[in-house]
Structures are given as structure tokens and as C-alpha cells.
Amino acid sequence: MQVLVLEDNKVQLAHLTSILRDEYKNIRITKCTKASELIEAVSKVKYDLFLIDVEIGEVNSIDILDRITKGCPDEGKKIIYITAHKKHAVNAINKTHCFGYIEKPYSKFTLIKTINACMSHGKKANHNISFLNYKVNGETQSINKSEIMFVEYQNKKPVIHTKLTKFVLARTTIKTFLSKLNSSGDHKFIRCRRSNIINLSYISAIRKNDSIYYAEMENGIAVPIGEKYKMNLIDEVAEAD
């Protein structure tokens with residue numbers, strides 16, 4: 001396994017690489033303390049995994065990784081960010097569509113668990129990746145549709161919810177937006193309420209509280225289900241299983 005580690009703190013770099021060598025056999029680690037070293041390294045070697053410190057001093061590593069993943073978005077799934085600030089991780093994930101992040105200080109257990117999940121995801125990943133493009137202040141951004149957990153409409157505008165953040169898009173009808181979400185890719189989005197769209201992949205269970213049904217998501221959020229959409233959603237979830 002070829003791993004690139006970018007960390008400008010040499011003590012933390014040594015600690016991280018020590019954990020990796022103890023845990024994994026046949027591992028080859030490229031240690032970088034500067035973004036320029038990362039750029040040179042990726043031009044020579046194809047890596048199985050990137051462990052990237054977001055804050056590295058002279059250059060924002062997010063911008064560097066953004067350049068790497070633009071040509072091949074699937075590369076982003078090999079990236080795990082390491083950061084002391086969650087807001088930086090949210091920005092990184094939205095920009096490079098990476099696998100995830102680890103907050104400092106982290107434990108060996110958390111590090112290994114995240115790496116194993118990332119590598120497992122890479123083996124199972126379907127390469128039919130589809131992106132939703134949208135504009136923020138006139139600049140085109142994109143998000144992997146598979147990262148969208150659900151959408152709720154507020155004032156006729158879609159509010160996108162991912163595991164880490166949410167953001168508001170320009171006004172459009174829910175019918176048009178649902179069609180756009182399902183236009184490509186292997187994920188399936190479905191209306192679960194008059195003002196809600198849900199990604200079937202993130203539903204852990206359909207539950208009932210008194211007379212109200214709701215979809216329990218992977219992160220514990222409960223998304224209400226309208227009576228009109230209840231049976232269709234239950235059937236779709238059963239079919240997906």
C-alpha cells in the first residue's frame with residue numbers, strides 16, 4: 001500500500017508514520033512537510049491513500065488537492081484530512097470530495113478505523129460518480145451527489161444537507177430538482193414529504209413515533225415522512241435492502 005502523509009509538524013509526522021508501520025504490513029510511506037513536496041511526489045507515484053494536514057503553513061493543502069482531484073474526482077475518495085478545526089474539514093470535503101476527516105488530537109483507534117473504512121470504500125466504490133453543479137456568488141461549485149443525505153425546501157429554495165454541513169441553492173421547483181438529482185449516478189433520491197427529498201442510501205430505518213413516521217438517517221437525524229409518501233418510501237427502502 002502506497003501512502004502519502006503531508007504534515008508540517010515533524011513530531012506529529014513521526015507519530016503518525018509510526019502508527020501506520022505498526023498496523024500495516026507492506027506499507028510504503030512518503031513523508032511530506034511541504035505542499036511542494038506533495039506536488040512532486042504525486043507526479044511520480046500513484047498513491048492508494050493520502051493523509052493530509054489541512055493547515056500546513058505556507059500553502060493551503062485544500063487548493064493543492066483540489067488540483068489533483070479535478071482531473072479525476074475519484075482520487076478524492078482516497079483522501080483523509082487531518083485538522084484541528086472542523087470548519088476547515090467541511091470546506092475541504094466540499095471542494096475535493098474526499099472520504100472524510102479526523103480531528104486533532106486523534107487516537108490510534110480512530111485513525112485506523114477511518115483508514116480501513118476509506119480503503120474498504122475504495123474497493124467497493126462504483127465508479128459511476130455523478131456531481132451536482134451549483135453556483136455560489138457567481139462561481140460554479142460541485143458536490144458528489146452521493147454525499148447528499150436529504151434536501152428540504154425553505155422559501156422555494158433547496159437546502160442541501162450532507163453529513164457535515166448544509167447550504168442553500170438558488171430557487172427552483174422541487175420536481176425539477178428531484179429530476180436533476182436522479183439524472184445520473186447510482187444513488188436514488190425520492191420525495192418523502194411535500195418539501196423534502198431523501199437519499200435512500202442514508203436511511204438506517206423507518207420508525208414511527210405516535211402517528212408520525214420518520215426516516216432515521218445514518219447520523220441520527222430524523223426526517224419526517226408525509227402520509228402521502230409513506231407507503232412508496234417504505235416499499236423503496238425494502239426493495240433497496
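Strand β1 (residues 2–6) runs parallel to strand β3 (residues 49–53), and four bridges join them. Two strands count as paired here if DSSP finds at least two bridges between them. Helices (H or I, at least four residues) and strands (E, at least two) are DSSP runs, numbered from the N terminus. You're looking at a predicted model, where local features need pLDDT of at least 70 and side-chain atom pairs count only at pLDDT 80 or more, while totals for chains, interfaces and linings use all residues. Residues are numbered from 1 along each chain as its sequence is written, and side-chain values use heavy atoms, with hydrogens and water left out.

**The chain overall**

- The chain has seven helices and 15 strands.
- Of its 241 residues, 43% are buried (buried is under 20% relative accessible area, exposed is over 50% and partly exposed is in between, with a 1.4 Å probe and protein chains only).
- Take the contacts in the chain (heavy atoms within 4.5 Å) with a separation of 6 or more: 52% of them link residues 24 or more positions apart.

**The parallel sheet**

- Five strands make an open sheet in the order β2-β1-β3-β4-β5, and the pairing is parallel.
- β2 (28–32) and β5 (100–103) sit at the edges with a single partner strand each, so one side of each has no neighbour in the sheet.
- From one strand to the next, the twist averages 20°. Axes are lines fitted to C-alpha atoms, for helices over the stretch in contact, and angles run from 0 to 180 degrees between N-to-C directions.
- Helix α1 (residues 10–23) packs on this sheet and touches β1, β2, β3 and β4 (79–83), its direction making about 175° with that of β2.
- Helix α2 (residues 35–42) packs on the sheet too, touching β1, β2 and β3, and its direction is at about 160° to that of β1.

**A look at β3**

- β3 and β4 run parallel and are joined by four bridges, with Asp53 opposite Ile82 in β4.
- Five of the five residues in β3 are buried. Leu49, Leu51 and Asp53 point one way from the strand, and Phe50 and Ile52 point the other way.

**The antiparallel sheet**

- Another open sheet has five strands in the order β10-β9-β8-β12-β11, with antiparallel pairing.
- Its edges are β10 (166–168) and β11 (189–193), each with a single partner strand, so one side of each lacks a neighbour in the sheet.
- Ignoring direction, neighbouring strands here are turned by 25° against each other on average.
- β8 (residues 150–154) and β12 (residues 196–199) run antiparallel, joined by three bridges, and Val151 stands opposite Ile197 in β12.

**The nonpolar cores**

- A nonpolar core is a set of buried Ala, Val, Leu, Ile, Met, Phe, Trp, Tyr and Cys residues joined through side-chain atoms within 4.5 Å.
- The largest core has 20 residues, and Val5, Leu20, Leu49, Leu51 and Ile115 touch the most other members.
- β1, α1, β3, β4 and α5 (108–124) each give two or more residues to this core, and α5 gives the most, with five.
- Setting aside neighbours within four places in sequence, Ile115 contacts Leu20, Tyr24, Leu49, Leu51 and Ile80.
- A second, separate core has 15 residues, including Ile143, Phe177, Leu178 and Ile197.
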